Amino acid sequence: MATKRTLDTDNTEEQTTSETKTKKAKITLVSSKGSLTKENFDKSNQSSKKVADQIEKPINEKEEKDDRKDDHIMTANTIKIGNNETSTYKYVDTKDKFIEVIKELQEKIKNKQMIAVDCEGVDLSRFGSVTMINIGTQDLVYLIDILKIGNSVFDDGLRSILEDSGLEKLMFDCREDADALLHLHKVKLDGVLDVQILEVNNRIYRNGYTKIRSLKHCLELYVNDDTLLNVKLQGRSSMNMSSNIWEKRPLDENMLKYASVDILGLFKLYDALRTQMGHSVWKAASNRYCDTTRSRNRVYRDGSGILPKGVIL
């Protein structure tokens, strides 16, 4: 039994010695591996970062390309302008979209399509701001957001359209539009055919005061359709709640439709009143109307509901 115990002890000692050696070997191996791993850790990190950057870069480039692509895309929105009649408007809020619009407008002008123009802003005059300039034909209106794109629009093609005396433009009460464009943006509006002049011509008091009517009132009198009026009423309701609504972004859909109707309604009103004056007489009167406000000294926005004398001769 003693011998057996001795053998067991010897075996145990041998086993313990062996395990100790194994552990030491493992510790040495782990330490060695740990040292190698630490050396390679930074290299691995750098390599991973490079791979990540290579993956991320195309993704970012793709996102940037997508953003640039979106800058070109204009959504055509349908608007109802009669019982069985629709038209379209496009909201233009980037420079890339605007460049495309100028090309489209030049093509329409080349094809002799009549255009209409209208400005929106806060206290529209030299004392306020021009935030949108809207130009359109009977089938398509471009709502150009000056506030978002910036004044570069004028030198990028808008000035040449607005100042071209040979390019006739339907407007309605162009006085404050002309005043704001000249004194705020150095643009001298020309080539105007003011539909308000057509309306007032047959009821002018040569020796007294002649009240001028709003676009809404004229649409009520001469265009037998409530569709346009309802759009204007919805927009007017929003305007009554906020005096500076034309400076707020994003613009509500009601306001975009309101701005579109101010263009589209002009064509309907023009069709109803176009025989009221000879064309050359109308154009000359419209030119004088443009000058009545922008050419005089003003200390505040003194708008008048009376037709200035000397406009219609």
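Modeller: Axes are lines fitted to C-alpha atoms, for helices over the stretch in contact, and angles run from 0 to 180 degrees between N-to-C directions. The model is predicted, so local features need pLDDT of at least 70 and side-chain atom pairs pLDDT 80 or more, whereas totals for chains, interfaces and linings use all residues. Residues are numbered from 1 along each chain as its sequence is written, and side-chain values use heavy atoms, without hydrogens and water.

Biologist: At what angle do α8 and α9 pack?

Modeller: Helices are DSSP runs (H or I, at least four residues) and strands likewise (E, at least two), numbered from the N terminus. The axes of α8 and α9 lie 9 Å apart. The packing angle of this pair is about 140°.

Biologist: Which term describes how α8 and α9 lie to each other?

Modeller: Angles under 35 degrees count as roughly parallel, over 145 as roughly antiparallel, 65 to 115 as roughly perpendicular, and the rest as oblique. With α8 and α9 at about 140°, the term is therefore oblique.

Biologist: How many nonpolar, polar and charged residues form the contact of α8 with α9?

Modeller: Contact here means heavy atoms within 4.5 Å. From α8 the contact includes Leu228, Val231 and Arg236, and these and other residues of α8 meet a set in α9 that includes Tyr258, Val261 and Asp262. Ala, Val, Leu, Ile, Met, Phe, Trp, Tyr, Cys and Pro count as nonpolar, Asp, Glu, Lys and Arg as charged, and the others, Gly among them, as polar. By class, the contact has 6 nonpolar, 5 polar and 5 charged residues.

Biologist: How many residues of each class form the contact of α2 with α4?

Modeller: The axes of α2 (residues 95-110) and α4 (residues 152-163) come within 10 Å and cross at roughly 10°, and the two helices are therefore roughly parallel. Phe98, Ile99 and Ile102 are among the residues that α2 brings to the contact, and Val153, Leu158 and Ile161 are among those of α4. The residues divide into 8 nonpolar, 2 polar and 2 charged.

Biologist: Which term describes how α5 and α10 lie to each other?

Modeller: Residues of α5 including Arg175, Asp179 and Leu182 meet residues of α10 including Tyr289, Cys290 and Arg294. The axes come within 8 Å and cross at roughly 60°. These helices are therefore oblique.

Biologist: What is the phi of Asp173?

Modeller: Asp173 is found in the loop between β6 (169-171) and α5. Asp123, which lies in the loop between β3 and β4 (132-136), also has a positive phi, near 50°. For Asp173, a residue other than glycine, phi is near 50°.

Biologist: Which residues that line the largest pocket are the closest to its centre?

Modeller: A pocket is an open set of 1 Å grid points over the protein atoms alone where a 1.4 Å probe fits, with protein on both sides within 12 Å along at least five of seven lines; lining residues have an atom within 4 Å of a point. Elements giving two or more residues to the lining include α5 (175-185), α8 (226-241), α9 (253-273) and α10 (279-294). The lining divides into 14 nonpolar, 11 polar and 16 charged residues. Of its 41 residues, the closest to the centre are Leu124, Asp173, Arg236, Tyr258 and Arg301.
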